[in-house]
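Please look over the sequence and the model below.

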Amino acid sequence: MTEHEMDKVNSENQPPVNRGYGYETIQLILDIIIVHLHFWYYIFEHIYQLFLKKEEKDVRGEIVLITGAAHGIGKDTALEYASKGATIVCWDINERGNIETVKEIKAMGGKAFAYVCNITKREEILQVAEKVKKEVGFVSILVNNAGIMPCHPLLDHNENEIRMMYDINVLAHFWMIQAFVPEMIEKKHGHIIALSSCAGLFGLKNLVPYCGTKFAVKGVMSSFYEELRTIGLHEHIKLTTIYPYMVDTGLCKKPHFRFKFMKLISPQEVAKTIVSAQRRGIMEMSIPQHYLYLEKFTNFLPRKASEAVNDFLNSGVDSDL
Ligand SMILES: NC(=O)c1ccc[n+]([C@@H]2O[C@H](COP(=O)([O-])OP(=O)(O)OC[C@H]3O[C@@H](n4cnc5c(N)ncnc54)[C@H](O)[C@@H]3O)[C@@H](O)[C@H]2O)c1
Ligand SMILES: *[C@@H]1O[C@H](CO)[C@@H](O)[C@H](O)[C@H]1NC(C)=O
């Protein structure tokens, strides 16, 4: 294409602007100054905020839906939210356990509702979601918690097990978001909490497919935030991702630790942290808290240096076979 033809194409596609080079240069210089100001402002703001304890929002009047509320972290999170005055909607495939959670909440004077839902099935999620909207109301806080964790070497995992793990630990997050977020957008009010894991920060043996699901949760939440931010909704619809280390719920069947200080965490402690992080609007929280910093630091290290430290600490999970 000759220069003349190029000019013709350009002038056909764009309206004629004739500000010359000066304007664009000034614009660029201004943008560079602005990005510098923002950059340093937000760094100092972050350091300042590290020393402040953010205020915890009131959750009275909110309806909190928790998947996997029959047992473990989900159950304790339900009890914790109920103790703060929220209305709880409990979802699980374990009907008895779910009803037991609701009973315990009612016994302490709270409000709760139980629904059986197998979250591997998109249709079922959408149907039960409609029922909840009619019978209970607008779900403003969604806790995507239900998860499974088969634990053995990669080649001992069968197809069904791997598919089921992705259905529950990853795909269900999409279906839950599709079922509940449109109303949050409409009302410009909502919060989604997702349970990832330290297995979503570090790769671990015997947990290859599981780590994949938990890294996926991290990626989904991080990119969904980016999407909400670009349409200016991130101040109204908040996201929180939680990364617990091994928790004492029975999910983690054969944990091993070389040192006593790295012990199983109680689900009550995890529940308290989840609720507090959500109420303070924190985007990412690990339990213990320093693991998230450890992950960022590890990313700077040469692989073999962090491997040496891991081998020394020698903690993880053994095969359940
Ligand atoms: N326990 C840990 O060590 C640990 C550590 C980090 C992250 N996590 C994550 O925390 C979450 C909760 O774990 P937990 O230890 O409380 O597990 P848990 O096994 O004690 O409870 C999980 C609940 O989810 C329900 N559930 C399973 N499949 C379902 C399905 N198809 N539909 C509906 N409900 C279903 C179960 O019935 C159960 O009540 C999971 O996402 C897990 O990956 C756990
Ligand atoms: C949940 O649905 C899957 C199929 O999508 C099925 O394999 C599994 O057994 C169901 N779980 C229960 C407890 O019904």
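A residue counts as buried when its relative accessible area is under 20%, and as exposed when that area is over 50%; anything in between is partly exposed. The model shown here is predicted. In it, Thr 273 has a relative accessible area of 18%, so Thr 273 is buried. Thr 273 belongs to helix H8, which covers residues 267–279. Once neighbours within four places in sequence are set aside, the contacts of Thr 273 are Met 285 and Ile 287.

The aromatic side chains come next. A pair of aromatic rings is described by the distance of the centres and the angle of the planes. Across the whole structure, a search finds eight aromatic pairs. One of them joins Tyr 41 and Tyr 42: the ring centres are 5.3 Å apart and the planes are at 70 degrees, so this pair is edge-to-face. Tyr 42 has a relative accessible area of 45%, and is therefore partly exposed.

Tyr 245 and Tyr 291 form a tilted pair, because their planes are at 45 degrees, with the ring centres 5.1 Å apart. Tyr 245 sits in the loop between strand E6 (237–244) and strand E7 (255–256), while Tyr 291 is in helix H9 (residues 290–298), so the pair ties together parts 46 residues apart in sequence. Both Tyr 245 and Tyr 291 are buried. Elsewhere, Phe 39, Trp 40 and Phe 44 are linked into a cluster by ring pairs.

Two lysines are placed over phenylalanine rings. Lys 133 lies over the face of Phe 180, 5.6 Å from the ring centre. Lys 187 has its charged end over the ring of Phe 138, at 4.7 Å from the centre.

Technical notes
Residues numbered from 1 in each chain as written. Chains lettered and ligands numbered in written order. Predicted model: local features only at pLDDT ≥ 70, side-chain atom pairs only at ≥ 80, totals over all residues. Heavy atoms only, no water. Helix = DSSP H or I, 4+ residues; strand = E, 2+ residues; numbered from the N terminus. Buried < 20%, exposed > 50% of the residue type's maximum accessible area, 1.4 Å probe, protein only. Contact = heavy atoms within 4.5 Å. Phe/Tyr/Trp six-rings, centres within 6.5 Å; stacked < 30°, edge-to-face > 60°. Lys NZ or Arg CZ within 6 Å of the ring centre and 35° of its normal.
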